[in-house]
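The report below describes the overall build of a protein chain, then its charged side chains and a few individual residues. Please keep the sequence and the model at hand while reading.

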Amino acid sequence: MTPAARRLAVGWLQDGFGVSQRRSCEVLGAVRSTIPYRSRRADDAALRAQLIALAAQRRRFGYRRLTVLLRRGGTLVNHKKVYRLYREEQLTVRRRRRKKLAAGARIVLASPTGPNQRWSMDFMADSLATGRTFRILNIVDDYSREAIATEVDTSLPGLRVVRVLERIAQSRRLPAMIVCDNGPEFTGRALDSWAYARGVQLHFIRPGKPIENAFAESFNGRMRDECLNESWFVDLGEARTKIGSWRIDYNEARPHSALGNRTPIEYAQGALPS
């Protein structure tokens, strides 16, 4: 029994049977000096309400990221207190576990030292309320983890991938290397010709080794967990709007633990020369 439960039991014996506090403690094995104790803990109602509201907005965030958001909002709080309230309110996120596969030998690339040195690309798929499937082309900066593009459509062939990359090239420098898998959109003639003309190296991971495209796979997991699984898309336009809004939030508001709880935009700006 917890000390609080023992205090309640002692009081029940005193009221129900008219025995003394000393006798009640002897019967229950309670320490008498703990019976009159009253908690001096400050009222956490405001912090608790704020935590519940944030957890409702960010249903897939754990207590560590919620702590970062609370501090951003001006609330000075210890992460241990947030964890206690998080557990008391049963806000714990149930982890969606994937089946573990046997690990193979990896091809390790040198880590980028700045933005726009190396990007990663990958596709995802989801479905509309009508059951029609659509695809998402995700392009991620391996240094800052910034989501450069999340192109949504029912069909994304190689020529469309080239158009997306050309659109990006109008506003930012292209990388020296792009990591991708062996899908037909990436191995086709359209992307190969574009990469040669632009001086971009295409690094293809080994078939069946998605871990070698780890940055894109990690981003895909976050998008699946925090956006796709949490949304209902009536049509393609709504899918583009919601996914685009989530991408902006991911880049500009969501704290990233691997970046010191900074956002990708904050991390990239800190890395750029002044």
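Helices (H or I, at least four residues) and strands (E, at least two) are taken here as DSSP runs, numbered from the N terminus. On that basis the protein has 11 helices and five strands. The radius of gyration, which is taken over C-alpha atoms, is to be read against the globule rule of 2.2 Å times the number of residues to the power 0.38. For the protein the radius of gyration is 27 Å, well over the 19 Å that this rule gives for 274 residues, so the protein is more spread out than a compact globule. The C-alpha trace spans about 90 × 50 × 40 Å along its principal axes.

The model is a predicted one, in which local features need pLDDT of at least 70 and side-chain atom pairs count only at pLDDT 80 or more, while totals for chains, interfaces and linings use all residues. Residues are numbered from 1 along each chain as its sequence is written, and side-chain values use heavy atoms, with hydrogens and water left out.

**Surface and contacts**

A residue is called buried under 20% relative accessible area, exposed over 50% and partly exposed in between (1.4 Å probe, protein chains only). Buried residues make up 39% of the 274 residues in the protein. Accessible areas come from the Shrake-Rupley method with a 1.4 Å probe, and for residues only the protein chains shown count as cover. The accessible surface of the protein comes to about 16400 Å², and 51% of that surface belongs to carbon and sulfur atoms. A contact means heavy atoms within 4.5 Å. Of the contacts in the protein with a separation of 6 or more, 59% are accounted for by residues 24 or more positions apart.

**Charges and salt bridges**

In the charge count, Lys and Arg are positive and Asp and Glu negative, whereas His and the chain ends are not counted; the place of a charge is taken as NZ of Lys, CZ of Arg, CG of Asp or CD of Glu. The protein has 48 positive and 27 negative side chains, and the centres of the two sets lie 8 Å apart. A salt bridge is a side-chain nitrogen of Lys or Arg within 4 Å of a carboxyl oxygen of Asp or Glu. The count by this rule comes to 21 salt bridges. Among them are the following pairs, listed with the distance between nitrogen and oxygen.

| Salt bridge | N to O distance |
|---|---|
| Asp44 and Lys81 | 3.4 Å |
| Arg172 and Glu146 | 3.2 Å |
| Asp153 and Arg240 | 3.4 Å |

Asp44 forms its salt bridge with Lys81. This pair links distant parts of the chain, with Asp44 in the loop between α2 (21-28) and α3 (45-57) and Lys81 in helix α5 (residues 79-88), 37 residues apart. Asp44 is buried, with a relative accessible area of 9%, whereas Lys81 is partly exposed at 32%. Both residues belong to a network of salt bridges that links Asp44, Arg48, Lys81, Arg84, Glu88 and Glu89.

Arg172 and Glu146 meet through their side chains in a salt bridge. Here too distant parts of the chain are linked, as Arg172 sits in the loop between α6 (158-169) and β4 (177-180) and Glu146 in the loop between β2 (133-141) and β3 (147-153), 26 residues apart. Arg172 is partly exposed, with a relative accessible area of 22%, while Glu146 is buried at 11%.

Asp153 is joined by a salt bridge to Arg240. Because Asp153 lies in strand β3 and Arg240 in helix α10 (residues 236-252), the pair ties together parts that are 87 residues apart in sequence. Asp153 is buried, with a relative accessible area of 14%, and Arg240 is partly exposed at 38%.

**Individual residues**

Which residues other than glycine have a positive phi? Arg145 is one of them, with phi near 65°, and Asn261 is another, with a phi of about 60°. Arg145 lies in the loop between β2 and β3 and counts as partly exposed at 22% relative accessibility. Asn261 is found in the loop between α10 and α11 (264-271), where its relative accessibility of 34% counts as partly exposed.

Phe17 is in helix α1 (residues 3-17) and counts as exposed, at 56% relative accessibility. Phe17 and Asp43 are 26 residues apart in sequence and 34 Å apart in space, C-alpha to C-alpha. Asn78 has its place in the loop between α4 (63-72) and α5, and is partly exposed with a relative accessible area of 39%. The C-alpha atoms of Asn78 and Thr263 are separated by 21 Å, and the two residues are 185 residues apart along the chain.
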